[in-house]
Amino acid sequence: ARRENELLQTHIDERQIELAAHGLTERSPTPAQEARTKHFEHLRKSGFYRRPWLPLGDYIASKKKGGEAYAKKHDKPRPNILAA
């Protein structure tokens with residue numbers, strides 16, 4: 001176990017030296033992580049995750065407890081535990 005820990009620490013140290021040569025740390029994002037962040041930030045800015053706009057009456061109905069909008073969100077079939 002001790003030898004494995006020392007070997008692992010050696011690999012970690014080697015990686016830190018390689019990154020330091022490029023002026024990075026182990027916390028620095030990889031190019032793939034940077035691209036992913038940029039992609040999802042673009043989606044968020046373009047409104048992909050935004051809720052659809054509703055007229056005021058529909059919005060109030062969707063927030064009110066009871067009615068069709070409430071049933072649409074809350075009335076879901078429950079799994080049949082006995083059949084499983």
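## A first look

Which helix holds both R44 and E41, and how many residues apart are they? Both sit in helix 2 (residues 31–45), three residues apart, or about one turn of the helix. We'll come back to that pair below.

Some ground rules before going on. This is a predicted model, where local features need pLDDT of at least 70 and side-chain atom pairs count only at pLDDT 80 or more, while totals for chains, interfaces and linings use all residues. Residues are numbered from 1 along each chain as its sequence is written, and side-chain values use heavy atoms, with hydrogens and water left out.

## The overall layout

Along its principal axes, the C-alpha trace spans about 65 × 45 × 15 Å.

How does the radius of gyration of the protein chain compare with that of a compact globule of 84 residues? The chain has 26 Å, whereas such a globule would be near 12 Å. Here the radius is taken over C-alpha atoms, and the globule rule is 2.2 Å times the number of residues to the power 0.38. As for what is tucked away, 5% of the 84 residues count as buried. Buried means under 20% relative accessible area, exposed over 50%, and partly exposed in between (1.4 Å probe, protein chains only).

## Helix 1

Helix 1 has 20 residues, and at 1.5 Å a residue they should span 28 Å. Its end C-alpha atoms are 29 Å apart, which agrees. The expected span is 1.5 Å times one less than the number of residues. After this helix comes G23, with a positive phi near 80°.

D13 also has its place in helix 1, and it counts as partly exposed at 33% relative accessibility. Where does D13 lie relative to E68? The two are 55 residues apart in sequence, and their C-alpha atoms are 61 Å apart in space.

## Helix 2

Helix 2 gets the same kind of check: its 15 residues should span 21 Å at 1.5 Å a residue, and its end C-alpha atoms are 21 Å apart, which agrees. Just after helix 2, G47 takes a positive phi of about 90°.

E41 belongs to helix 2. Its C-alpha atom is separated by 15 Å from that of P29, which is 12 residues away along the chain.

## Two salt bridges

Side chains of opposite charge can pair when their charged atoms come close. A search of the whole structure turns up two salt bridges, the term for a side-chain nitrogen of Lys or Arg within 4 Å of a carboxyl oxygen of Asp or Glu. One joins R2 and E6, whose closest N and O atoms are 3.4 Å apart. Both lie in helix 1 (residues 2–21), four residues apart, about one turn of the helix. R2 is exposed, with a relative accessible area of 67%, while E6 is partly exposed at 44%.

Now back to the opening pair. The side chains of R44 and E41 meet in a salt bridge at 2.5 Å, N to O. R44 is partly exposed at 48% relative accessibility, and E41 is partly exposed at 32%.

## A buried serine

S62 is found in helix 3 (residues 56–63). Is S62 buried or exposed? S62 is buried, with a relative accessible area of 15%.

What does the side chain of S62 reach at 2.7 Å? That would be the backbone oxygen of Y59. Leaving out residues up to four places away in sequence, S62 touches L54, A69 and K73, where contact means heavy atoms within 4.5 Å.

## A pair of rings

A pair of aromatic rings is described by the distance of the centres and the angle of the planes. Rings of Phe, Tyr and Trp (its six-membered ring) pair if their centres lie within 6.5 Å; planes under 30 degrees apart count as stacked, over 60 as edge-to-face and the rest as tilted. By this rule there is one aromatic pair. The rings of F48 and Y49 have centres 5.3 Å apart and planes at 80°, so the pair is edge-to-face. F48 and Y49 are both exposed.

Key
Helices (H or I, at least four residues) and strands (E, at least two) are DSSP runs, numbered from the N terminus. A polar contact is a pair of N or O atoms within 3.5 Å; within protein, one must be able to donate a hydrogen and the other to accept it, and residues adjacent in sequence count only if both atoms are side-chain atoms.
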